[in-house]
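Please read the following account alongside the sequence and the model.

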Amino acid sequence: MGSVEHLDLENGELLMKKEDREKNLVVGRTAQNLSASLVRKKSDPNLVSKVRFQMVRGFLANIQEVVLGTKLCLLFPAIPLAILAEYYKFGRPWIFALSLLGLTPLAERVSFLTEQIAYYTGPTVGGLLNATCGNATELIIALFALYQRKIHVVKYSLFGSILSNLLLVLGSSLFCGGLANLKKEQRFDKKQSDVNMLLLLLGLLCLLLPLLFRYAVEPDLLAAGSILHLSRASSIMMLLAYFAYLFFQLKTHRQLFETSEEDDESDDGLISEENAVIGFWSAFVWLAGMTLIIALLSEYVVGTIEAASDSWGISVSFISVILLPIVGNAAEHAGSIIFALKNKLDITMGVALGSASQISMFVVPLCVIVAWIMGVHMDLDFNLLETGSLGFSIILTAFTLQDGTSHYMKGIVLCLCYTVIGACFFVHQIVLDQNVASGVLAA
């Protein structure tokens with residue numbers, strides 16, 4: 001169970017050559033994996049070596065690596081507390097808050113487990129697995145919101161995730177990295193960022209078309225379901241573009257996305273292993289179990305978000321756009337900033353832009369297709385305020401990265417842009433509530 005023996009699936013050899021193992025390590029570990037590794041900590045094998053029974057020793061070793069192998073392990077108690085709060089019918093805002101805290105370490109552990117599986121499956125399957133599970137938390141929350149017919153929560157949370165990666169994560173990383181490297185010229189490879197920006201612009205076009213179609217056609221002439229059909233067709237095109245991007249990333253041009261780890265081994269706090277630390281089936285079982293726990297906590301989050309909104313006096317839109325994305329990817333975001341401090345902007349770009357592209361071109365259209373299967377009418381019309389904010393954010397980010405250099409002023413602009421948009425959504429619901437109240441009084 002805890003064996004670190006490698007199996008080459010193509011030629012049947014039991015052990016992989018050292019150079020093949022290193023190649024799989026580089027390709028299997030994307031920028032997101034490297035970023036999350038900064039919150040991991042090395043385990044001490046001597047702690048479980050004195051246990052007599054091999055099965056018990058292997059089980060304890062897995063717990064040590066999976067549960068205690070992260071600096072965020074202090075947040076794991078929030079998971080049973082959230083379950084107990086739901087069972088004993090505590091205040092729903094408490095359930096919401098505890099569930100959010102519990103999701104934070106789980107998101108980082110999913111990244112760790114997919115990396116472990118990639119050691120055994122090879123770079124291609126590992127890359128596909130990472131592409132699917134890279135934003136598992138956002139995807140599962142969106143699916144549960146779809147199941148409960150809360151389409152507005154789905155749209156707000158996904159829109160907020162893209163916005164958070166483009167403005168908050170990238171902006172704070174460029175700001176902190178610029179201040180820490182005032183006497184150095186910060187440069188990054190524009191080729192990778194250009195591909196991601198192309199995908200984001202394509203995703204923006206697919207979001208704009210239903211909105212423009214709604215305003216361009218007279219309401220009397222607008223056929224029933226036409227926007228929905230257009231959204232479903234656009235979602236299929238977005239998924240095709242994303243799969244083409246995966247082929248581009250994993251096969252034909254993977255050298256553009258490989259992260260060099262030559263200097264990372266000496267970095268403080270970065271855990272870089274040449275071998276898997278748990279077995280394949282152990283990683284698979286742990287991944288399945290943690291996915292189920294994420295699903296349970298996501299159900300709690302979606303079911304209590306309105307109660308938390310009423311109790312805290314904060315709109316559902318603000319919680320979905322601002323709070324959910326920040327908490328869901330806190331470990332990855334912190335790693336992005338740390339790599340920027342170390343003047344490794346290629347990894348920072350891979351984290352921020354890669355996550356934004358994955359949500360825009362994979363998670364959003366997938367939700368539309370899943371809603372179609374479930375009989376839920378979800379389209380790509382994210383309304384004028386959301387689509388306009390996202391469009392200007394993508395354009396601003398593209399201009400920020402156009403010359404392949406960075407300094408702290410670019411980070412300040414992106415962070416201020418995120419703050420203004422957040423303030424807009426905070427005030428927007430208040431205005432709506434006042435209009436509803438005045439209409440009721442007038443009636």
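**Surface, loops and charged pairs**

Y87 counts as exposed, at 62% relative accessibility (buried means under 20% relative accessible area, exposed over 50%, partly exposed in between, with a 1.4 Å probe and protein chains only). The model is predicted: local features need pLDDT of at least 70, side-chain atom pairs count only at pLDDT 80 or more, and totals for chains, interfaces and linings use all residues. Residues are numbered from 1 along each chain as its sequence is written, and side-chain values use heavy atoms, with hydrogens and water left out.

Y87 lies in helix α4, residues 78–87 (helices are DSSP runs of H or I with at least four residues, numbered from the N terminus). Together with L81, L84, Y88 and F90, Y87 forms a nonpolar surface patch with about 600 Å² of accessible area. Patches are made of residues with over 30% relative accessible area and no salt bridge, nonpolar side chains (Val, Leu, Ile, Met, Phe, Trp, Tyr) being joined within 5 Å and like charges within 9 Å; the areas come from the Shrake-Rupley method with a 1.4 Å probe.

K89 is found in the loop between α4 and α5 and is exposed, at 66% relative accessible area. Most residues other than glycine have a negative phi. K89 is not a glycine, yet has a positive phi of about 60°. R149, in the loop between α7 and α8, also has a positive phi, near 60°.

The whole structure holds five salt bridges (a side-chain nitrogen of Lys or Arg within 4 Å of a carboxyl oxygen of Asp or Glu). One of them joins K150 and E306, at 3.0 Å from N to O. K150 lies in the loop between α7 and α8 and E306 in helix α11, so the pair ties together parts 156 residues apart in sequence. K150 is buried, at 13%, while E306 is partly exposed, at 26%.

K155 forms another salt bridge, with D379, the closest N and O atoms being 2.8 Å apart. This pair links helix α8 to the loop between α14 and α15, 224 residues apart. K155 is buried at 15% relative accessibility, and D379 is buried at 17%.

R232, in helix α10, is buried yet has no salt bridge; D379, the nearest side chain of opposite charge, is 8.9 Å away. Leaving aside neighbours within four places in sequence, R232 is in contact (heavy atoms within 4.5 Å) with V368, I369, W372, V376 and H377.

Methods
Helices (H or I, at least four residues) and strands (E, at least two) are DSSP runs, numbered from the N terminus. Lys and Arg count as positive and Asp and Glu as negative; His and the chain ends are not counted.
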